[in-house]
Amino acid sequence: MIFPILNGSAQELRHRQGELIIQFKSDYNVLNINTLNKRLRNDWILLSPQKQLGNVWNIWLFEFDHTRYSAAELMESISTYDFVLNIQRNHLLQYRVKPNDPLFQLQWHHFNDASSGGVADADFDTDLAWDFCTGGLTENMDSIVICIIDDGLEIQHEDIAPNMWRNYAEIPGNGIDDDRNGYIDDFLGWNSFKQNDQIDSEKHGTAVAGLAGAKGNNSMGISGIAWHNQMMFVAGGGDEANAIESYAYPLYFRRLYNQSKGSKGAFVVATNSSWGADLVKAEDSPIWCAIYDSLGKEGILNIASTTNQNIDVDVEGDMPTTCISEYLLATTNVTDQNVKKVNAGYGKTSIDIGAYGESTYSTYINNSYRFFGGTSAAAPQVTGTVGLLYSLPCSHLDELALTEPAKAALVARTCDLSDTIQVSKTRTDLMEGYYNLSG
């Protein structure tokens, strides 16, 4: 077969040219790729394996000469082989941030008395939820972990450092994979861009982490939704291959936790991605969508922000928020007026929930604080509530998580969506679901 390049209309590039992501059956040896190449076009080497995208699934990134061959026709042909589960392009991603408006009162999203011009009680009522729980530990004294996947993080920030997760099974800086998890020296987390644990200080990730889990009640700075949860950090995003690879890290640790009945690994209950691919449809990203079920089966609920555009994502597309998975909560942005932000995606089918994310106050680089907004700010509020829920007394979620982790994740999802209020095709006031649990 020959795959000539086809001329297309000029448009904004939304994927990396000359790259494909392929998911093989678990028992397929990717070293047999030369056999596949020969089937495709005599002895020409069309596909070149670049790397495995995490060691928890058989998913690989490949390169090909896009000046000579059509990606669409390559994908069509390769998908016919029985050892190939899925194949797709490597879509480019965008961090979902927008300019901040510093006119609202600090952290109005926790308690809003309308003094800053918003609608009274357009908030999470987090102060009432904190009467019951503040995160940190389950009833069985397991440390609750949420995983933030973002561009970078100021890990020494005064309001973030106390809650940073550490991999104490690894000896930092000795150049050895002490815990044999496939990641060398991953003491501080993982940087999937650099393949080490050195996390760069970045504005976006620092603000996202602060909203989800900044240390609370410590006489400084701000309070995250959960005061004491540990935050695992993975520097990731950029493109689809990297996103898939980044999710492999928290999955490994939660799977190890489950297999060891809590004696090893980490009790990761949620991931946060405040980034995505605009105008990309789920059918074009089957591998990316499939990993949410993979994470969910191990007990991880995944929260993602939708686009910062006023579009119906059901029609126009957006990734990952249009993925069909019970273990994904697609989040849009709600203002202090209790309405969806104009420049935020919506969709009756795909958008699960709305959270207050417009002009919220959070942590910032150089040990400082500032206003931060957009759907990027909405998603970590939901992620924080998941971690908070697991610390709620008498919920028994931690016990369920040890025996039926997938079911526990779905219970957490149901609680997040319960007792919410309808707001312009989305729902908000997440924290009200926790009041019912207290009874």
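**Exercise 1.** Over the ring of which residue does the charged end of R370 sit, and how far is this end from the ring centre?

*Solution.* The model is predicted. Start from the charged end of R370 and locate the ring below: this ring belongs to Y364. The distance to the ring centre is 4.7 Å, and the cut-off for a charge over a ring is 6 Å.

**Exercise 2.** Classify the ring pair formed by Y183 and W190, and state whether each residue is buried or exposed.

*Solution.* 
1. The structure contains 18 aromatic pairs. For Y183 and W190, the ring centres are 4.9 Å apart, and pairing requires centres within 6.5 Å.
2. The ring planes meet at 70°, so the pair is edge-to-face; the cut-off for that class is over 60 degrees.

**Exercise 3.** Describe the second largest pocket by volume, lining and residue classes.

*Solution.* 
1. Volume: the second largest pocket holds about 400 Å³ of space.
2. Lining: 21 residues line this pocket, and N167, S263, K264, G265 and A266 lie nearest its centre.
3. Secondary structure: helix α5 (residues 240-259) supplies the largest share of the lining, 4 residues.
4. Classes: the lining consists of 10 nonpolar, 7 polar and 4 charged residues.

Methods
Residues numbered from 1 in each chain as written. Predicted model: local features only at pLDDT ≥ 70, side-chain atom pairs only at ≥ 80, totals over all residues. Heavy atoms only, no water. Phe/Tyr/Trp six-rings, centres within 6.5 Å; stacked < 30°, edge-to-face > 60°. Lys NZ or Arg CZ within 6 Å of the ring centre and 35° of its normal. 1 Å grid on protein atoms, 1.4 Å probe; cavity = no way out; pocket = protein on both sides within 12 Å on 5 of 7 lines; lining within 4 Å. Points joined across faces, edges and corners; volume = space filled by probe spheres on them. Helix = DSSP H or I, 4+ residues; strand = E, 2+ residues; numbered from the N terminus. Nonpolar A, V, L, I, M, F, W, Y, C, P; charged D, E, K, R; others polar.
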